[in-house]
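Open the model in your viewer and keep the sequence panel beside it. We will go from one selection to the next.

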Amino acid sequence: MRLLQCILTQNDCYKAGRTIKPKGVMVHSTGANNPNLKRYVQPVSTTPARADLLAQLGTNANGNHWNRGNLDVCVHGFIGKLADGSVAAVQTLPWNQRGWHAGNGTSGRSANNTHISFEICEDGLTDPAYFKQAYQAAVELTAMLCKEYGLDPLADGVVICHQEGYRRGVASNHGDVLHWFPRHGKSMDDFRSDVAAALAPEPAPAPVPKPDKNEEDNDMTCYKTLADVPEYYRAAVRKAVDRGALLGTGSGELNLSEDFCRTMTVLDRLGKLD
Ligand SMILES: [Zn+2]
C-alpha cells in the first residue's frame with residue numbers, strides 16, 4: 001500500500017483539534033462516482049511537499065476538495081486513484097484526532113469519539129479491478145492502524161463500516177460499505193479476517209541446521225595419550241602433565257586436540273611451563 005500524507009489543515013475539524021484514544025477503525029465509502037483522490041484531497045500553500053503532492057494527486061479544478069473551511073465532514077484518510085490511475089492511501093488527519101465521519105447514532109453515542117476513519121473513493125461500483133485494489137489498500141491501512149494502536153480487528157466493534165456503526169447505534173444511517181463490498185463477494189467479516197491475516201506474523205524462516213556436535217568432534221584430531229601427541233608438541237604437553245596442570249580423564253587418557261597442544265607449545269616457548 002502506498003501511503004501519502006496531506007493533512008486537511010483548513011478543514012474546521014482539523015482546526016477543532018480534539019483528540020481521541022483510538023479504539024477501532026470505521027470504514028466508509030464516499031457514495032459518489034468519483035474514484036480520484038484529488039476530488040477530496042488537495043494540499044494548500046502551507047502543506048509540506050505541496051508540489052510533489054499535487055503532481056501525484058492531480059489538481060482539483062473545482063475547488064470542492066475537503067481542505068477548506070465550512071464543511072461538516074472530515075476523515076483520517078482516503079483511498080482512491082492518484083493522477084496516474086494507481087491506487088493509494090492518503091492520511092488526511094493525525095490518526096488520534098477526533099474526526100467528523102460517523103455523525104450521531106441512535107444510542108446518542110458517536111464513533112467519532114472512538115474510531116479512526118477513512119473513505120474509500122467509490123467508482124461506479126462495478127469494476128472488479130478497482131475494487132480489488134481499493135479493498136486491498138483498505139485491508140493494509142486498517143492492519144497498519146490496528147498494529148499502531150494495539151487493536152484486535154476480530155474483537156467486537158473494533159473494525160466496522162459505517163452501516164454497522166449505525167446498527168450498533170454509534171453512527172448515522174448510511175449504507176456504506178455494504179452497498180458495495182458484497183457486489184464483489186466481500187462481507188465485513190471477510191474484511192476483518194483479511195485484516196487479521198495481514199497482521200499475522202510471517203511464518204518463521206526454517207532454522208539453519210547447526211552442525212552436529214558429534215560430527216564436529218569426530219572431525220577434530222584427538223590425541224588420546226601422550227604417546228599419540230606428535231613429537232613437536234610432546235615436550236610442552238609433558239611439562240603440563242608433569243606439573244599437574246593437565247590431568248586427563250583419569251584412565252591415562254588425555255584426549256587432547258591439536259589446538260590445545262599448539263597452545264601448550266606456545267606457553268612453553270614463553271617459559272610458562274618451566
Ligand atoms: Zn460513511
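Which residue in β4 does Q5 stand opposite? Select Q5, then look across: Q91 in β4 is opposite Q5. A word on the ground rules. This is a predicted model, where local features need pLDDT of at least 70, side-chain atom pairs count only at pLDDT 80 or more, and totals for chains, interfaces and linings use all residues. Residues are numbered from 1 along each chain as its sequence is written, and side-chain values use heavy atoms, with hydrogens and water left out.

**Stop 1: the whole chain**

Zoom out. The chain has 8 helices and 8 strands. Both are DSSP runs numbered from the N terminus: helices are H or I with at least four residues, strands are E with at least two. The C-alpha trace spans about 95 × 40 × 35 Å along its principal axes. The radius of gyration is 34 Å, while a compact globule of 274 residues would have one near 19 Å. That radius is taken over C-alpha atoms, and the globule rule is 2.2 Å times the number of residues to the power 0.38.

**Stop 2: the sheet**

Color the strands. An open sheet is built from 6 strands in the order β1-β4-β3-β5-β2-β6, with mixed pairing. Its edge strands are β1 (3–5) and β6 (159–161), and each pairs on one side only. Here two strands pair if DSSP finds at least two bridges between them.

**Stop 3**

Select residues 87–91, which are β4. β4 pairs with β1 in the parallel sense over 3 bridges. The Q5 and Q91 pair from the opening belongs here.

**Stop 4: strand β5**

Now select residues 115–120. Is this strand mostly covered or exposed? β5 is mostly covered, with 6 of its 6 residues buried. Buried means under 20% relative accessible area, exposed over 50%, and partly exposed in between (1.4 Å probe, protein chains only). Show the side chains. H115, S117 and E119 point one way; I116, F118 and I120 point the other way. For comparison, 43% of the 274 residues of the chain count as buried.

**Stop 5: the neighbors of β5**

Find S29: its bridge partner in β5 is I120. Finish at I79, which stands opposite I120 in β5.
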